[in-house]
Amino acid sequence: MSDFGKRLDESLKQVADFAEGKAKPGTYRVTTFNDDGKPHVVADFSDEFLAQIDAEIAAERELEKEQSAKAQSV
């Protein structure tokens, strides 16, 4: 099988895993391209992205706790 054929086969397996909901962190990034050719990430299952989301959620929860404590002390 040619190199292109191997890459195509791997891509099809990844698409099937993604469609079945079996995508694992660090494995997939779904990207589309705008009319001007710039990439736009539609879905990202990379470790870095998931860590960023976890950090944002933790920061939001901490802010909510601080606001709740402030409201109770007033």
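One cut-off before we click on anything: a residue is called buried under 20% relative accessible area, exposed over 50%, and partly exposed in between. Keep in mind too that this is a predicted model.

**The whole chain.** Start by coloring by pLDDT. The protein chain averages 80, and 86% of the residues score at least 70. Which elements sit at the two ends of the confidence range? Strand β2 (residues 39-44) has the lowest mean pLDDT, 74, while helix α2 (residues 47-73) has the highest, 87. As for burial, 8% of the 74 residues in the protein chain count as buried.

**Helix α1, end to end.** Select residues 3-19, which make up helix α1. Next, pick S2, which caps the N-terminal end of α1. A side-chain oxygen of S2 lies 3.1 Å from the backbone nitrogen of G5. Then jump past the other end: just after α1, G21 takes a positive phi of about 80°.

**The charged pair.** Show side chains for D9 and K13. What links D9 with K13? A salt bridge, with the closest N and O atoms 3.4 Å apart. The salt bridge count comes to 1. Both D9 and K13 lie in helix α1, 4 residues apart, or about one turn of the helix. An α-helix has 3.6 residues a turn, so residues three or four places apart point the same way. Is D9 buried, exposed or partly exposed? D9 has 33% relative accessibility, so it counts as partly exposed. K13, at 47%, counts as partly exposed as well.

**The nonpolar patch.** Together F4, L8 and L12 make a nonpolar surface patch of about 320 Å². L12 belongs to helix α1. Why does L12 count as exposed? Because its relative accessibility is 53%, and the exposed class begins over 50%.

Key
Residues are numbered from 1 along each chain as its sequence is written. Side-chain values use heavy atoms; hydrogens and water are left out. Patches are made of residues with over 30% relative accessible area and no salt bridge: like charges are joined within 9 Å, nonpolar side chains (Val, Leu, Ile, Met, Phe, Trp, Tyr) within 5 Å. Accessible areas come from the Shrake-Rupley method with a 1.4 Å probe; for residues, only the protein chains shown count as cover. A salt bridge is a side-chain nitrogen of Lys or Arg within 4 Å of a carboxyl oxygen of Asp or Glu. Buried means under 20% relative accessible area, exposed over 50%, partly exposed in between (1.4 Å probe, protein chains only). pLDDT is the predictor's confidence in each residue, from 0 to 100. A polar contact is a pair of N or O atoms within 3.5 Å; within protein, one must be able to donate a hydrogen and the other to accept it, and residues adjacent in sequence count only if both atoms are side-chain atoms.
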